[in-house]
Amino acid sequence: MIGRRTFVFRVSGLVAAGVAGVRVAAQAPGSSAKPTPITVYKSSGCKCCAKWVNHVRDNGFEPVVQDEEDMDAVKAQLGVPEGVRSCHTALVGKYLIEGHVPASDIQRLVRQQPGVSGLAVPGMSSGTPGMAEPGAKIAGFEVVAFQRDGTTKTFARY
């Protein structure tokens, strides 16, 4: 479980980056730009989460993985609304990423900087990165943009 001091330290860094107007731009595959850092909180034994971490790594992100046993507590501390929760939570720049969001949508999020708290694929959709069978088409789910009060709007459909 993430400690209060660690949590406050991490969140204060995110706030400072947001206040300073730091914009994070994800690297396009094949680009020589530096990979974008992303912190991923997941359960240690979750294989689909590990596959999603590989997906974002393969698509221009530099994941730092924090294995946590009480993910509900992590999600509550970070402010992830209950209605959009999934198996893992990530932080990229000032944004929360919940569940199996495709890397291309995260790249679009950090490039466009919309006024949302984050993106989510609620639940465990089988056609998402990390859940789909190797080589299968990514399809059959929706990515939502969310606010901390739980309101959502469609960000992408697959």
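**Entry 1**

I looked up D67 and found it partly exposed, at 43% relative accessibility. For burial I used these cut-offs: buried is under 20% relative accessible area, exposed is over 50%, and partly exposed is in between, with a 1.4 Å probe and protein chains only. The model is predicted, so I kept to its limits: local features need pLDDT of at least 70, side-chain atom pairs count only at pLDDT 80 or more, and totals for chains, interfaces and linings use all residues. Residues are numbered from 1 along each chain as its sequence is written, and side-chain values use heavy atoms, with hydrogens and water left out.

Which residue forms a salt bridge with D67? I found K42, with the closest N and O atoms 3.0 Å apart. A salt bridge here is a side-chain nitrogen of Lys or Arg within 4 Å of a carboxyl oxygen of Asp or Glu. K42 lies in strand β1 and D67 in strand β2 (residues 61-67), so the pair ties together parts 25 residues apart in sequence. K42 is buried, at a relative accessible area of 7%.

**Entry 1: the other salt bridges**

I counted 3 salt bridges in the structure. Side chains of opposite charge can pair when their charged atoms come close.

E98 pairs with K75, and their closest N and O atoms are 2.6 Å apart. E98 sits in strand β4 and K75 in helix α3 (residues 71-78), so this bridge links parts 23 residues apart in sequence. I checked burial: E98 is buried, and so is K75.

R157 and E142 meet through their side chains at 3.0 Å, N to O. R157 belongs to strand β7 and E142 to strand β6, so parts 15 residues apart in sequence are tied together. R157 is exposed, at 63% relative accessibility. E142 is partly exposed, with a relative accessible area of 30%.

**Entry 2: overall layout**

I listed 4 helices and 7 strands. Helices (H or I, at least four residues) and strands (E, at least two) are DSSP runs, numbered from the N terminus. The order from the N terminus is α-β-α-β-α-β-β-α-β-β-β.

Of the 158 residues, 42% are buried. Contacts (heavy atoms within 4.5 Å) came next. Among those with a separation of 6 or more, 55% join residues 24 or more positions apart. The accessible surface (Shrake-Rupley method, 1.4 Å probe) is about 8100 Å², and 52% of it belongs to carbon and sulfur atoms.

**Entry 3: the cores**

How many residues has the largest nonpolar core? I read 23, and those with the most contacts inside it are I38, W52, V92, I97, I106, L119 and V143. Such a core is a set of buried Ala, Val, Leu, Ile, Met, Phe, Trp, Tyr and Cys residues joined through side-chain atoms within 4.5 Å. At least two residues each come from β1 (36-42), α2 (47-57), β3 (89-92), β4 (95-98), α4 (103-112), β6 (142-146) and β7 (152-157). The largest share, 4 residues, comes from α4.

I then followed W52. Leaving aside neighbours within four places in sequence, its contacts include I38, V40, A90, I97, I106 and P129. A second, separate core has 11 residues, among them V80, A120, V144 and F146.

In α2, I found C48, C49, W52, V53 and V56 buried. Seen down the helix axis, they fall within an arc of 145° (directions from the axis to the C-beta atoms), so they line one face of α2. Their cover includes β1, β2, β3, β4 and α4.

In α4, the buried residues are A103, D105, I106, Q107, L109 and V110. Q113 follows α4 and sits in the loop between α4 and β5 (118-120). Q113 has a positive phi of about 50° although it is not a glycine. Most residues other than glycine have a negative phi. Q113 is buried, at a relative accessible area of 16%.

**Entry 4: confidence**

I noted a mean pLDDT (the predictor's confidence in each residue, from 0 to 100) of 85, with 80% of residues at 70 or more. Residues 4-9 have pLDDT below 50 and, beyond near neighbours in sequence, 3 contacts in the model. Residues 11-29 are also below 50, and that stretch has 24 such contacts. Where pLDDT is low, the predicted coordinates should not be read in detail.
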